Amino acid sequence: MSYVVKEALAGFRRTKGMGLISVGTTAVSLVVFGGLLLILLSLYGLIDQVKSRVQIEIYLSDAATREQILELEKRLKAMPEVKKLLYVDKEMAAAEFEKTFGEGFLDAISQNPLPASLKVTLTSGYRSSEKIAAIIKAVEKEKAVEEIEYGRKWVEKLDRLIYILSFVAVLVTLVIGAASVFVISNTVNLTILARRDSIEIMRLVGATDSFIRAPFLLEGIIGGSLGGSIAAALLYFVHRWLSLRFPSLSLVPGAELAAWLMIPLGMALGGLGSRLAIRRILRHLP
Amino acid sequence: MIQMHHVYKTVGNTTVLEDVSLQVEKGEFVFLLGPSGAGKSTVLRLIHFDERPTQGWVRLEDYNSSTIKSRHIPLLRRRVGMIFQDFKLLRDRNIFDNVAFALEVTGAKKALMKRRVLQTLTLVGLGHLRNMMPVQLSGGEQQRVSIARALVNQPFALLADEPLGDLDKEAASDILQLLRDLNHQGTTVLMATHDTELMETLPYRCLMIEKGKIF
Ligand SMILES: Nc1ncnc2c1ncn2[C@@H]1O[C@H](COP(=O)(O)OP(=O)(O)OP(=O)(O)O)[C@@H](O)[C@H]1O
Ligand SMILES: [Mg+2]
């Protein structure tokens, strides 16, 4: 065991710059990969935030009784989609109208024409047009309901954006992920290839494949975790700086987690890269 | 016991060995004598299972080239010492670690390893160079490191490929004496050389090889 650790650490010294290049490549690849992931996550957050402004306005009929309105409220509150419910009575509606359009308009009419309404705020995750349609369907037949309105065009546009974004996210993850694996495994391959002679000699003096492999694997994992840590720290601080500097961006909470994810990812990539490289060499030796 | 049975070795279109049969008994000291390019190294490499015969078979104790599993080859190599013609030292570690490596692969204890390596290095007259890197050593010194590594496991057989090739007269006679002492203690020695003088002065059996054939 101590041999494996000693050899793995010595490996960095022996390959000199190569080990550093390997670590650097891993870090750069993971910064690109993680950065894109964070940007995508933030866009998701941004869109969700925009959608949170989407409200369903249920206009109540003037003839609705107190009981009917309470019944409607009860039904809406029972739905998981509904986050907040605000009752606006006729007087409040009028006041709001006057605030927007100026006093005097309503004075001309003897009777207040504005209906009372329920403003429904939606739970995050339920802000798609289908969910909204479902809510509307559930309550539109209620006696108290006169009319239901919501920013349909907006919601549909945002839905489409989310759809496209998801597609891009999958594509980016695959393409950049594959590119990272390729670049990292190739760099690791170079550092191991440089020690091909040593590996051959080890075989000739009676080392088993697993004995030869172990230090290289550990070396790859250490290198990968170093690269991953650099990437994680960089992403974390940039992310933090951005969210402090531009609080309105309201980057997704927990996005830092995506940054820290680069450490295990680096380890896995480093280990895997080493494993593949060493196998390629061992297979071609007598 | 070492045995080769009607062994042919071809590489590409060239026939390196042709119908080679030989046998070396336990405890014997045998010279494999032939000019450059005769196939001496190839014979030793085949016995060390670094290469496989194209035809025929090679046997070393219980290991037979036609039946051996590749995972058993490392075990065999730990029990047979090979002195490589081109030394095959690990450039990336010092002399002590080079010799220690042959013990390291067997999982030997640290203390035992240290003692054995120092003993063996002293035996070949290199104790004082243990912290040097291979590139800092002369050809003859590197050759003696290779010899020390072959001996450190206390092998039952030694395959020596021109072990005196890069040594001056004095060092050569020292190493030859070392090999003869080991042989006295029971180690089988098969030594490839092109030095006919050795054969004339020493009472050992001699296998003559030329152009891939044994005479
Ligand atoms: N892998 C190979 N590919 C092509 N030819 C080879 C190969 N291995 C050996 N040979 C040829 O086989 C012949 C014998 O080689 P070998 O190394 O066994 O000779 P040797 O007797 O050890 O010579 P020397 O005394 O110079 O070390 C040589 O002519 C060499 O060119
Ligand atoms: Mg030779």
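In chain B, strands β4(B) and β5 (residues 63–64) run antiparallel and are joined by two bridges. B:Leu60 has B:Tyr63 of β5(B) as its bridge partner. These two strands make a hairpin with two residues between them, and B:Glu61 in the turn has a positive phi of about 50 degrees.

Before going on, here is how to read the names: this is a predicted model, where local features need pLDDT of at least 70, side-chain atom pairs count only at pLDDT 80 or more, and totals for chains, interfaces and linings use all residues. Residues are numbered from 1 along each chain as its sequence is written, chains are lettered from A and ligands numbered from 1 in the order in which they are written, and side-chain values use heavy atoms, with hydrogens and water left out. Helices (H or I, at least four residues) and strands (E, at least two) are DSSP runs numbered from the N terminus, and two strands pair if DSSP finds at least two bridges between them.

At the β10(B) end, β9 (residues 205–210) pairs with β10(B) in the antiparallel sense over two bridges, and B:Glu210 stands opposite B:Lys213.

Now for ligand 1. It is surrounded by 13 residues, and the closest are B:Ser36, B:Lys40, B:Ser41, B:Thr42 and B:Gln85; a residue counts as near if one of its heavy atoms lies within 4 Å.

| Residue | Distance to ligand 1 |
|---|---|
| B:Ser36 | 2.6 Å |
| B:Lys40 | 2.8 Å |
| B:Ser41 | 2.7 Å |

On its own, ligand 1 has 630 Å² of accessible area, and the protein covers 61% of that (Shrake-Rupley method, 1.4 Å probe). Which helix gives the most to the shell around ligand 1? Helix α1 (residues 40–47) of chain B does, with four residues.

Over in chain A, an open sheet of four strands has antiparallel pairing and the order β2-β3-β1-β4. β2 (82–88) and β4 (145–149) of chain A stand at the edges with a single partner strand each, so one side of each has no neighbour in the sheet. On average, neighbouring strands of this sheet are turned by 20 degrees against each other, direction ignored. β2(A) and strand β3 (residues 117–122) of chain A run antiparallel, joined by six bridges, with A:Leu85 opposite A:Val120.

Technical notes
A polar contact is a pair of N or O atoms within 3.5 Å; within protein, one must be able to donate a hydrogen and the other to accept it, and residues adjacent in sequence count only if both atoms are side-chain atoms. Axes are lines fitted to C-alpha atoms, for helices over the stretch in contact, and angles run from 0 to 180 degrees between N-to-C directions.
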